[in-house]
Amino acid sequence: MKEMVVDSQSTRRELSAAPPQALLERLKDYGQENVFALWDELSQEERGQLVRDIESLDLPRIDRIIRCSLGFQGLPLPAIEPVPESYVSTVEERPPAERERWWKRGLKAISEGKLAVVLLSGGQGTRLGSSDPKGCFSIGLPSGKSLFQLQAERILRVQRLAAQTIDGSVMPIHWYVMTSPFTDEATRKFFESHKYFGLDAEQARFPAFPRMADLSWRLQAKWPKLPMEMGTLCWYSYNAALKSSKLLDDMAMRGVRYVDCYGVDNALVRVADPTFLGYFIDKGVAAAAKVVRKAYPQEKVGVFVQRGRGGPLTVVEYSELDSLMASEINQSTGRLRYCWSNVCLHMFTLDFLNQVAHGLEKDSIYHIAEKKISSIHGLTMGVKLEQFIFDAFAYAPSVALFEVLREEEFAPVKNANGASYDTPDSARLMLLRLHSRWVVAAGGFLTHSVPLYLTGVEISPLCSFAGENLEAICRGRTFHAPSEITF
């Protein structure tokens, strides 16, 4: 007992006098000894916490990632080729019988508990004028529903459709809502306050991905005045998060075989889409993506490409694609040569995700972007390293691309109203117009007090997932726009 007391007192004396020498020497190896520059301004408690934070960092790993990624910068990109149109399955061109077969096959797999859904929702709505998690945002629908609620109710609808196909109860779809340190608490509270939008509470899990674990976030979040060089690095890795959060192990324990992955800021996303799942199973591939045709050369979306003629399919970010290549036209089709947009609508086998998590960690090559960060010297340029879920495609032994219609499945919410594209207003109009088309196709009629192209009706996801089963609700009836249809 006495030795423990002496050690504790010794540690307190050391922390009060100077930073621990061994830790200081360790930081010198990486040029980061200036982390302790403001040591004298910290309280004893703060000093102890700072030391513990630094000791918890895997500095060799961080250094390896920095060196590999920065060393890769400036090297010529591997030769890329456009993805041939013959590689892409266009759902609208497939016979109705085939689409119906995919739909039923997907619902069967869902009823057996083989599908999990991963939602990437670590971002705040800063560009939308909100500090809340982006999923809490309402785009101004007649119902006032948030993005989280729209997606939750689509999951509920799919579960009910799956139950109808087997005439009984089904396994729940497990929804992994991946948060960040900035959004985790607020996201959990939002779900709790809305009673999980009708889902069972245990269906939703909230694994927080580390946004990040190096000196940039771990330290500057707590110690914003620290002057750091390595502190200019910001590390985002969805793939590492899948591994570190034990999320994949949890899925395996629950009998999951397929993983649907999407981003939170798409108001039209078809979560747990049975057609896409059935297509995926039918193709027997390791990875698949829904794609839409790129709207114009400067659209800020990555595109699928081939690494060399006949090579593997992968994604090139819009910031990494040469502007001349982005504008090239396919003379035989009149469309952009690099036209297959990655809109974060992905499907993977669980086996593949387990394999790729190890591969991506081993390679340690991250995307690089410059970003202004705060420091004791004011705003300074820093380096942001990012690893995205779509980086997994480069490792897949087989990939399938599934073209869907933009006006049916892709309405991004990225910018505040008043911007020229991807705003809450534009997403709301896309959803209302789509649902208005569903009403008319089901034999209903619309009246409106303003031009219909400015408005429409909203159909609750609990009524219809993709326009199905609306005849009994709509045929021969007249609906006023804007309004919500819910039964």
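Trainee: Which residues of helix 5 meet which residues of helix 11?

Mentor: Contact means heavy atoms within 4.5 Å. On the helix 5 side are Arg-99, Arg-101, Trp-102, Trp-103, Arg-105, Gly-106, Leu-107, Ala-109 and Ile-110; they meet Pro-274, Thr-275, Leu-277, Gly-278, Tyr-279, Ile-281 and Asp-282 in helix 11. By class, this contact has nine nonpolar, three polar and four charged residues (nonpolar: Ala, Val, Leu, Ile, Met, Phe, Trp, Tyr, Cys and Pro; charged: Asp, Glu, Lys and Arg; polar: the others, Gly among them). The model is predicted, with pLDDT of at least 70 needed for local features and 80 or more for side-chain atom pairs, while totals for chains, interfaces and linings use all residues. Residues are numbered from 1 along each chain as its sequence is written, and side-chain values use heavy atoms, without hydrogens or water.

Trainee: At what angle do helix 5 and helix 11 pack?

Mentor: Helices are DSSP runs (H or I, at least four residues), numbered from the N terminus. Axes are lines fitted to C-alpha atoms over the stretch in contact, and angles run from 0 to 180 degrees between N-to-C directions. Helix 5 (residues 96-111) and helix 11 (residues 274-283) pack at about 95°, with axes 6 Å apart. Helix 5 is therefore roughly perpendicular to helix 11 (65 to 115 degrees).

Trainee: How do the axes of helix 5 and helix 6 cross?

Mentor: They cross at roughly 100° and come within 9 Å, helix 6 being residues 147-166. That makes helix 5 roughly perpendicular to helix 6. Helix 5 contributes Trp-103, Leu-107, Ile-110 and Ser-111, and helix 6 contributes Val-158, Leu-161, Ala-162, Thr-165 and Ile-166.

Trainee: What classes make up the contact of helix 5 with helix 6?

Mentor: Seven nonpolar, two polar and no charged residues.

Methods:
Helices (H or I, at least four residues) and strands (E, at least two) are DSSP runs, numbered from the N terminus. Angles under 35 degrees count as roughly parallel, over 145 as roughly antiparallel, 65 to 115 as roughly perpendicular and the rest as oblique.
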